[in-house]
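Here is a short briefing on a structure with more than one topic to cover. Look at the sequence and the 3D view first, then read on.

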Amino acid sequence: MNIKLLAFATASDIVGKGPQEIKLEDGARLSDLKALLIEKHAVLETVWDRLAVAVGGQLVRGDDPVLKDGDEVALLPPVSGGAPELCP
Amino acid sequence: MTDPSTIPSKAMLVDVAIDVAAVERLVASVDCGAVLLFLGTVRNHHAGRSVGCLTYSAYRPMAEANLQRIVDELEAAGDRLRVAIVHRLGDVPLSEPSVVIAVASPHREAAYDASRTALERLKKEVPIWKREHYTDGEVQWREEEPLD
């Protein structure tokens with residue numbers, strides 16, 4: 001099966017912005033995708049715990065879901081919408 | 001041809017300058033005595049360094065869905081409250097708004113509360129990222145709040 005990977009902000013600097021098709025064994029879980037990505041991009045392991053992951057636009061919140069063919073998986077670093085407020 | 005300044009929805013991402021009056025018109029109604037506008041604008045420094053412009057990017061479908069959820073939940077919890085949130089993506093020049101929040105309410109206090117809550121939730125729940133372009137040529141992602 002194939003999933004579609006998207007990455008944003010610093011995660012896109014590591015794995016590419018995408019969308020990229022990634023081939024996985026049928027029945028693969030998110031943790032299998034993570035292992036595959038870390039094999040290709042070792043630095044991803046050091047930042048993985050900062051990332052939120054969404055499958056089909058829904059946050060997985062620490063779960064390890066089974067992925068399905070065609071799923072869209074997004075790597076989402078901490079967000080920074082809105083205007084900057086902190087002053088120096 | 002579509003007028004790019006038109007803001008047709010109360011929870012939107014736009015790629016052009018935000019038409020503030022159009023955001024206000026989305027919420028204004030005859031039964032609301034208070035209309036509150038919040039503009040978050042790009043300023044020229046961060047942590048003592050000079051910023052030339054900001055570029056915003058988003059995981060667009062999720063960002064629009066989560067903005068809509070914030071609008072829907074604030075309106076459902078309020079008394080005749082109307083809320084609109086518009087965030088700009090792409091390059092935003094200095095002093096232009098990157099986000100505009102409009103709230104209309106029969107009661108002033110409820111409008112202030114909803115405006116504040118809308119921005120606080122946006123900063124945590126909406127997958128948008130800013131990239132700062134410093135005038136010395138360096139470029140840096142800002143990553144501030146874990147997405148919730």
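In which strand of chain B is Leu39(B) found? Leu39(B) sits in strand β2 of chain B. Strands here are DSSP runs of E with at least two residues, helices are runs of H or I with at least four, and both are numbered from the N terminus.

This is a predicted model, in which local features need pLDDT of at least 70, side-chain atom pairs count only at pLDDT 80 or more, and totals for chains, interfaces and linings use all residues. Residues are numbered from 1 along each chain as its sequence is written, while chains are lettered from A and ligands numbered from 1 in the order in which they are written.

**Leu39(B) and its surroundings**

- Leu39(B) counts as partly exposed, because it has 15 C-beta neighbours inside 10 Å. (A residue is buried if 20 or more other C-beta atoms lie within 10 Å of its own, exposed if 12 or fewer, and partly exposed in between; C-beta atoms are placed from the backbone.)
- Leaving out residues up to four places away in sequence, Leu39(B) touches Val20(B), Pro97(B) and Val100(B). (Two residues are in contact if their C-beta atoms, placed from the backbone, lie within 7 Å.)
- Leu39(B) and Val99(B) are 60 residues apart in sequence, yet 5.9 Å apart in space, C-alpha to C-alpha.

**The sheet of chain B**

- Four strands form an open sheet in the order β1-β5-β7-β2 (chain B), and the pairing is mixed. (Two strands pair if DSSP finds at least two bridges between them.)
- β1 (11-14) and β2 of chain B are the edge strands, each pairing on one side only.
- From one strand to the next, the twist averages 10°.
- β1(B) and strand β5 (residues 82-88) of chain B run parallel, joined by four bridges.
- Ala11(B) stands opposite Ile85(B) in β5(B).

**The helices of chain B**

- α2(B) lies across β1 and β5 of chain B, at about 160° to β5(B). (Axes are lines fitted to C-alpha atoms, for helices over the stretch in contact, and angles run from 0 to 180 degrees between N-to-C directions.)
- α3(B) lies across β2, β5 and β7 of chain B, at about 145° to β7(B).
- α2(B) and α3(B) pack at about 150°, with their axes 10 Å apart.
- That angle makes α2(B) roughly antiparallel to α3(B). (Under 35 degrees counts as roughly parallel, over 145 as roughly antiparallel, 65 to 115 as roughly perpendicular and the rest as oblique.)
- On the α2(B) side, the contact is made by Asn66(B), Ile70(B) and Leu74(B). On the α3(B) side, the residues include Ala114(B), Thr117(B) and Arg121(B).
- The contact of α2(B) with α3(B) has five nonpolar, two polar and two charged residues. (Ala, Val, Leu, Ile, Met, Phe, Trp, Tyr, Cys and Pro count as nonpolar, Asp, Glu, Lys and Arg as charged, and the others, Gly among them, as polar.)

**Where the chains meet**

- Chain B gives 31 residues to the contact and chain A gives 19 residues.
- Several elements of chain B each supply at least two residues of the side that touches chain A, among them α2 (60-77), β7 (97-105) and α3 (108-125).
- That side of chain B divides into 16 nonpolar, eight polar and seven charged residues.

**Chain A**

- Chain A has three helices and five strands.
- From the N terminus, its elements run β-α-β-α-α-β-β-β.
- Of the 88 residues of chain A, 27% count as buried.
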